[in-house]
Amino acid sequence: MKQPIRIAVLISGSGSNLQAIIDHQKRHSHEYKIALVISNKANAYGLTRAKNANISTQVIEHSQFKSRETFDKALQKTIDDTQIDLIVLAGFMRILTPAFTQHFLGKMINIHPSLLPKYTGLNTHQRALDAGDTEHGLSIHFVTPELDSGPVILQAKVSITPQDTEETLKEKVHQQEYLAYPLVIEWFAQAKLEFKDHQTWFKQTLLSKPQQLHHLNDLVI
Ligand code: GRF
């Protein structure tokens, strides 16, 4: 029987996406196993979530390193030593060096709270509100050296109403993130996803545009 793939989840904070991935793993343990949770901050609440689920954790504090390069080298060694098939960035608030992203090219995904290519970087919810957008959402993409710019795998949209604030919008996006991220990890585990020629392939077909969470007819969470 096929072994579950081994994933590492990298966090910096609350880890509510990590929680969704943990909860999903309980029901889909044949697909993936969270082998390690790494945080660059010792006080990240996500570490408690991992410990509560008996998942190994490691803190690699970026402030203990002289440069971005030396921090990324330590991170890379830990991941390589743990034999990881997929790296899942879940609120990991560090810009990664090109050497690091190159080393794990095609084996690292990120979740970003906007409909990329709109709003790379920070404060995405407030920026969508300020622009008067009527929709917002999230994107899950393969990580490449350019920040938030790797090929997108899946997006989920939410509508913006006149009543929305940064907080309510963030919460709407979060609810979609908890459905979307475990699903994409499963696709990778099932070998449905591939990064080839700098593009995303799904079931051996080039994805000309991202999958849309709400258009999937085989959505079983
Ligand atoms: C999420 O909104 C994700 O899109 C972004 O960082 C946030 C992390 O939240 N990359 P949490 O730590 O998973 O609660």
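How far from an oxygen atom of the ligand does a polar side-chain atom of Glu 177 lie? The distance is 2.5 Å, which falls under polar contacts, defined as pairs of N or O atoms within 3.5 Å.

## Basis of the model

This is a predicted model, in which local features need pLDDT of at least 70 and side-chain atom pairs count only at pLDDT 80 or more, while totals for chains, interfaces and linings use all residues. Residues are numbered from 1 along each chain as its sequence is written, and side-chain values use heavy atoms, with hydrogens and water left out.

## Ligand surroundings

The residues around the ligand (a heavy atom within 4 Å) are Ser 14, Gly 15, Ser 16, Asn 17, Gly 91, Ile 111, Pro 113, His 174 and Glu 177. By class, this shell holds two nonpolar, six polar and one charged residue, with Gly counted as polar. Helix H1 (16–27) and helix H6 (166–189) each contribute at least two of the shell residues, helices being DSSP runs (H or I) of at least four residues and strands (E) of at least two.

An oxygen atom of the ligand is 2.8 Å from a polar backbone atom of Gly 15, and an oxygen atom of the ligand is 3.5 Å from an N or O atom in the side chain of Ser 14. Of the 370 Å² of accessible area that the ligand has on its own, the protein covers 84% (Shrake-Rupley method, 1.4 Å probe).

## Sheet

Eight strands, in the order E3-E2-E1-E4-E5-E6-E7-E11, make up an open sheet of mixed pairing, where a pair requires at least two DSSP bridges. Strand E3 (57–59) and strand E11 (211–212) are at the edges with a single partner strand each, so one side of each has no neighbour in the sheet.

Definitions and conventions:
A polar contact is a pair of N or O atoms within 3.5 Å; within protein, one must be able to donate a hydrogen and the other to accept it, and residues adjacent in sequence count only if both atoms are side-chain atoms.
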